[in-house]
Amino acid sequence: QKTDIQDVCSAFKCPVRNHTHPNFTTRHKTNYWGMEGQGDISMVAGSRLDVISRQLEQQHLVMVPTSATDDDVRPAPGGGRGTLTVLDNRTGKRYTIEVSDGGVINASALKQIKAGGDGVGLRAYDPGYTNTTAVISRISYIDGDKGILRYRGYPIEELAERGHFLEVAYLTLFGDLPVASHLATFQEAVMRHTDLAPSVEACVAALAPDAHPMSVLLVGLCALGATHPEANPALAGQAVYKTREMQDKQIVRLLAKVPTLAALAYHKLSGRRPTPPNQRLGYTENFLYMLDGGNSGGAYRPNPKLVRALDIMFILHAEHEMNCSTAAARHLASSGVDVYTVMTGAVGALYGPLHGGANEAVLRMLQRIGKVENIPAFIAGVKAKKEKLFGFGHRVYRNFDPRATIIKEVAEEVFAIAGRDPMIDVAKALQDAALGDEYFVSRKLYPNVDFYSGLVYRAMGFPPQFFTVLFAIPRIVGYCAHWRESLADPDTKILRPQQDYRGVWLRHFEPIEQRKPATGDEADTLVPLPASNAYHRRVAGKNWQ
C-alpha cells in the first residue's frame with residue numbers, strides 16, 4: 001500500500017554547492033558540514049526544493065512489515081503473578097517474596113534478607129539499570145526480541161503509515177487517538193504558542209556563532225523556564241502542577257516552542273534569521289517554513305510531500321519507553337523541579353553520542369573510515385576494541401529495530417533516486433560487512449535507527465550537527481507524556497538509588513604539615529594542566545590582576 005512518504009522519498013537530494021554567504025567562513029563550513037565544500041544551508045534549502053519539483057511524481061516506495069505480530073491478549077509479563085521463595089545459604093533462612101502481575105518483585109522486599117554484618121538487608125547491584133523496573137507506565141511498549149514498538153498499543157508501523165505527528169503526539173500524551181474536534185483544538189493550542197519571547201532570542205543570540213545546535217537548544221530551553229515564573233514550583237509553590245490546565249499549558253508551550261528554538265539553532269551558523277513561525281501552517285510544515293521561508297513575505301510553503309516525509313521521521317522518534325533521556329526526565333521530575341528544567345536535563349542526556357547523538361556519531365564514523373577499502377581494517381579495529389561502531393546494536397532490541405526497518409526502506413529508495421555519494425557507499429558496505437560477520441551477528445548487532453536516520457537526514461540536506469536536534473523536536477512529546485504520567489503516579493518518590501560503597505572505611509583529619517603524598521596504584525591527584533600562551537602573555541605584564 002502506497003503512502004505519502006512513498007511519493008516523497010524520490011524528492012530527496014543532497015546537493016553539493018560552494019557557499020558564498022559572507023558570514024559563513026570556511027572554518028564554519030568545515031565544522032558545520034563535517035566535509036569541506038559540502039554546502040551552505042541557505043543554498044541547500046532552495047536546491048532541495050528544486051530537486052523535489054523535478055522528481056516528486058516519478059517514484060514510489062512500499063513499506064515492509066517488521067517481525068511484529070498481533071496479539072489479542074498480552075502474555076503474562078515474566079510469567080505473571082506468584083511468589084518467589086528465596087533460600088539464603090548464608091543463614092539457612094527462607095523468604096517468600098511476592099511477584100506482581102507485571103512479573104516484577106518489589107525491591108524493598110529484599111531488605112528483609114539479612115545475614116548479620118552491618119545489619120543492612122540485601123540489595124540489587126544493577127549498573128545501567130539493565131534489569132530494573134523503576135516505574136509503571138502506560139505510554140509505550142517494546143519487545144526487543146520480536147522487534148515490536150507500540151505507542152499506547154498502536155504498532156509503530158501503523159502510526160508511521162497512517163498517522164500525522166500531532167495526531168500521534170495527542171495519542172502519546174492523552175492515551176487515545178483524537179477525534180477531529182479534539183485534534184483541531186490541540187493543534188490550535190500548540191500553534192498559537194510558537195513565538196518566542198525576545199529574552200529567549202537574546203540568550204540564543206549571545207552564543208558563539210559556531211555553537212553546536214544542541215547547545216543552542218539547551219540554552220533556549222533554560223531561557224524558556226526563566227520566562228515563565230508562574231510555572232516554577234520554586235516560586236509558585238509545590239502545588240503549581242496540581243491542575244490539568246497548568247500541566248497542559250506547559251506541554252503545548254514546549255511542543256510549540258522547541259521547533260522555533262530548533263530553527264534558531266539551524267540558522268545560528270548560517271548567519272541568517274529564521275522565518276518567524278506561521279501559526280496557520282501545520283506543525284512539521286511550519287518547522288520547514290521557518291528553515292526555508294527566507295524573505296518570501298509569508299508566501300512560501302514547504303513542499304507537502306517533503307513535509308510528510310519529515311513528519312514520519314518525527315513519529316518514529318516521538319517516544320521510546322524508559323531510555324536514558326526519558327529516565328533522566330523522570331529522575332528530575334521526581335524532585336519537583338519545573339518542567340523546563342526537566343526537559344533541559346532530558347535533552348542534555350539525549351545529546352550524548354551513545355544516545356540521541358549516535359546518528360551524528362554515525363556520520364563522523366563514516367567520514368573517518370573514508371573509503372570502502374578501509375572497512376576491513378575498521379572492522380578489525382572494532383573487534384580489537386580499538387574502534388567504536390556506532391549505529392549497530394541496541395540496548396533493548398535483539399532483532400532489527402522496527403523504526404530502522406521503516407527508515408531503511410525509505411533510505412534505499414532515496415539513495416537510488418538521489419545518487420550515491422561516497423559516504424552512502426561506505427555506509428552500505430559497512431552494513432554488509434557487519435551483517436556478514438559472525439562476530440556481529442552472534443552479538444545481535446544489527447543496524448539501528450541511528451544508522452539509517454543520519455543517512456536520510458543527510459540526503460534531505462541537513463548537516464550532521466543538526467541530526468540530534470531533529471531527534472529532540474519529536475522526543476519532547478515522550479518526555480512530556482512521562483512527566484505528566486509521573487505527576488499522577490501514586491508510587492512516585494524522589495529518586496535516590498543506593499550505592500555499593502568500596503572506599504576507605506575510616507580515617508582521621510591530619511594537619512597539612514603532617515600529611516604525606518598518597519602513593520600506590522590508587523593514588524590520585526590533579527593532572528598537569530598547561531596554561532595557554534594567552535595566559536602567559538597576560539601574566540607577563542604589570543598589574544595583571
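This is a predicted model: local features need pLDDT of at least 70, side-chain atom pairs count only at pLDDT 80 or more; totals for chains, interfaces and linings use all residues.
**Entry 1: a cysteine to start with**

I looked up Cys 203 and found it partly exposed at 35% relative accessibility; buried means under 20% relative accessible area, exposed over 50% and partly exposed in between, with a 1.4 Å probe and protein chains only. Residues are numbered from 1 along each chain as its sequence is written, and side-chain values use heavy atoms, with hydrogens and water left out.

Is Cys 203 in a disulfide or in no disulfide? My search of the whole structure turned up zero disulfides, a disulfide being a pair of cysteine sulfur atoms within 2.5 Å. For Cys 203, the nearest cysteine sulfur belongs to Cys 222 and is 9.1 Å away.

**Entry 2: the overall tally**

I counted up the secondary structure and got 22 helices and five strands. Here helices (H or I, at least four residues) and strands (E, at least two) are DSSP runs, numbered from the N terminus. Of the 545 residues in the protein, 48% are buried. The protein exposes about 27700 Å², and carbon and sulfur atoms supply 53% of that; the areas come from the Shrake-Rupley method with a 1.4 Å probe, and for residues only the protein chains shown count as cover.

I also checked contacts, meaning heavy atoms within 4.5 Å. Among those between residues at least 6 apart in sequence, 71% join residues at least 24 apart.

**Entry 3: the core**

Which residues have the most contacts inside the largest nonpolar core? I noted Leu 255, Phe 287, Met 343, Leu 430 and Phe 462, in a core of 112 residues. Helix α10 (residues 244–268) gives the most to this core, with 13 residues. A nonpolar core is a set of buried Ala, Val, Leu, Ile, Met, Phe, Trp, Tyr and Cys residues joined through side-chain atoms within 4.5 Å.

Among the buried residues of α20 are Asp 450 and Arg 458. Just after α20, Gly 461 has a positive phi of about 100°.

The side chain of Tyr 340 makes a polar contact with that of Gln 250 at 2.7 Å. I take a polar contact as a pair of N or O atoms within 3.5 Å; within protein, one must be able to donate a hydrogen and the other to accept it, and residues adjacent in sequence count only if both atoms are side-chain atoms. Tyr 340 also touches other residues, including His 228, Arg 253 and Leu 254. Tyr 340 and Ile 251 are 89 residues apart in sequence, yet 9.8 Å apart in space, C-alpha to C-alpha.

His 193 sits in the loop between α6 (180–191) and α7 (198–205) and is buried at 10% relative accessible area. Its side chain makes a polar contact with the side chain of Lys 249 at 3.1 Å. His 193 touches Arg 253 too, along with others such as Val 252 and Ala 256.

**Entry 4: strands and turns**

I found an open sheet of three strands, ordered β3-β4-β5 with antiparallel pairing; two strands pair if DSSP finds at least two bridges between them. β3 (140–143) and β5 (154–155) are the edges, each with a single partner strand, so one side of each lacks a neighbour in the sheet. Four bridges link β3 with β4 (residues 148–151), and Tyr 141 has Arg 150 in β4 as bridge partner.

Between β4 and β5, Arg 152 has a positive phi of about 50° although it is not a glycine. Arg 152 is partly exposed at 22% relative accessibility.

Last, I looked at β1 (residues 82–88) and β2 (residues 93–99), antiparallel and joined by seven bridges. They form a hairpin with four residues between them, and Gly 92 in the turn has a positive phi of about 80°.

Definitions and conventions:
Lists of a residue's contacts leave out its neighbours within four places in sequence.
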